[in-house]
Amino acid sequence: MKEFNQVITIGIIIGFILCGVELVFDFAGGQPIRINQDLLISFGLYCMYSIPISLVNSYFFRYMNRNIVWNKSNQRYRIFIGVVGSVFLTLVTVFFVRMMDLVGIKGMTYAAFIESQTASFYLQVLIVTSFFSVFFHALYFYRELQKKKVKEQKIIAGTASAQFDALKNQLDPHFLFN
């Protein structure tokens, strides 16, 4: 449950970031920054997309971590599968969330929804998805590298402790008999 809440929080943070980016682009384009109900609706829409995308990708990477062992021989394979899988799942998730938004919430017919889908929209999604996928892959690699370093340090510390104990055990009988 804790992991689920963390993923939801990450989705909300991503929604907040995307909403902020939209505000920056609006401001750079000469439009006034609007802090009103439209901004809240925009934030809600970003969260409506970012939370399911975060959940899908989180479960995908959890699945990959359990089923594809990370080692030097399959790094490229894992990166390839991770990026392609993440992008594909994100595009599928965006399609279904968009369908839920337009058909389920806004009342558009399914046929009109299918007609309204453009390649340019999904190209934009692909660009944003690729950026976030690369970012989270880099974050994951950094975290795994840090875990590996900590594990190595624990092994080194354990070895040093064992050597110290062995030396202490060799010295203790000497002092006892003298």
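Does Gln 6 count as buried, partly exposed or exposed, and at what relative accessibility? In this predicted model, Gln 6 counts as partly exposed because its relative accessibility is 44%, a value between the 20% and 50% cut-offs. The residue is part of helix α1.

The overall fold can be described next. Five helices and zero strands were assigned to the chain, and the order along the sequence is α-α-α-α-α. The chain has a radius of gyration of 25 Å, whereas the globule rule gives 16 Å for 178 residues; the chain is therefore more spread out than a compact globule. The C-alpha trace spans about 95 × 35 × 30 Å along the principal axes. Of the 178 residues in the chain, 27% are buried.

Helix α1 covers residues 2–28. With 27 residues at 1.5 Å each, α1 should span 39 Å, and the distance between its end C-alpha atoms is 39 Å, so the two values agree. The buried residues of α1 are Val 7, Ile 8, Gly 11, Ile 14, Gly 15, Cys 19, Glu 22, Leu 23 and Asp 26. In general, an α-helix has 3.6 residues a turn, so residues three or four places apart point the same way. Ile 12 also belongs to α1, but this residue is partly exposed because its relative accessible area is 36%. The C-alpha atom of Ile 12 is 6.9 Å from that of Ser 50, with 38 residues of separation along the chain. Just after α1, Gly 30 adopts a positive phi of about 90°.

Helix α2 covers residues 37–67. At its start, a side-chain oxygen of Asn 36 comes to within 3.0 Å of the backbone nitrogen of Asp 38.

Ser 86 is located in helix α3. With a relative accessible area of 3%, Ser 86 is buried, because the cut-off for burial is under 20%. The side chains of Ser 86 and Asn 57 are joined by a polar contact of 2.7 Å.

The largest pocket was then examined. Its volume is about 1500 Å³. The lining of this pocket consists of 46 residues, and those closest to the pocket centre are Ile 14, Ile 53, Ser 54, Phe 132 and Phe 136. Helices α1, α2, α3 (75–105) and α5 (119–177) each contribute at least two residues to the lining. The greatest contribution comes from α5, with 16 residues. By residue type, the lining of the largest pocket comprises 24 nonpolar, 14 polar and eight charged residues.

Notes: Residues are numbered from 1 along each chain as its sequence is written. This is a predicted model: local features need pLDDT of at least 70, side-chain atom pairs count only at pLDDT 80 or more; totals for chains, interfaces and linings use all residues. Side-chain values use heavy atoms; hydrogens and water are left out. On a 1 Å grid over the protein atoms alone, a cavity is a set of points where a 1.4 Å probe fits but cannot get out, and a pocket is an open set with protein on both sides within 12 Å along at least five of seven lines; lining residues have an atom within 4 Å of a point. Grid points are joined across faces, edges and corners, and a volume is the space filled by probe spheres set on the points. Helices (H or I, at least four residues) and strands (E, at least two) are DSSP runs, numbered from the N terminus. Ala, Val, Leu, Ile, Met, Phe, Trp, Tyr, Cys and Pro count as nonpolar, Asp, Glu, Lys and Arg as charged, and the others, Gly among them, as polar. A polar contact is a pair of N or O atoms within 3.5 Å; within protein, one must be able to donate a hydrogen and the other to accept it, and residues adjacent in sequence count only if both atoms are side-chain atoms. The radius of gyration is taken over C-alpha atoms; the globule rule is 2.2 Å times the number of residues to the power 0.38. Buried means under 20% relative accessible area, exposed over 50%, partly exposed in between (1.4 Å probe, protein chains only). The expected span of a helix is 1.5 Å times one less than its number of residues.
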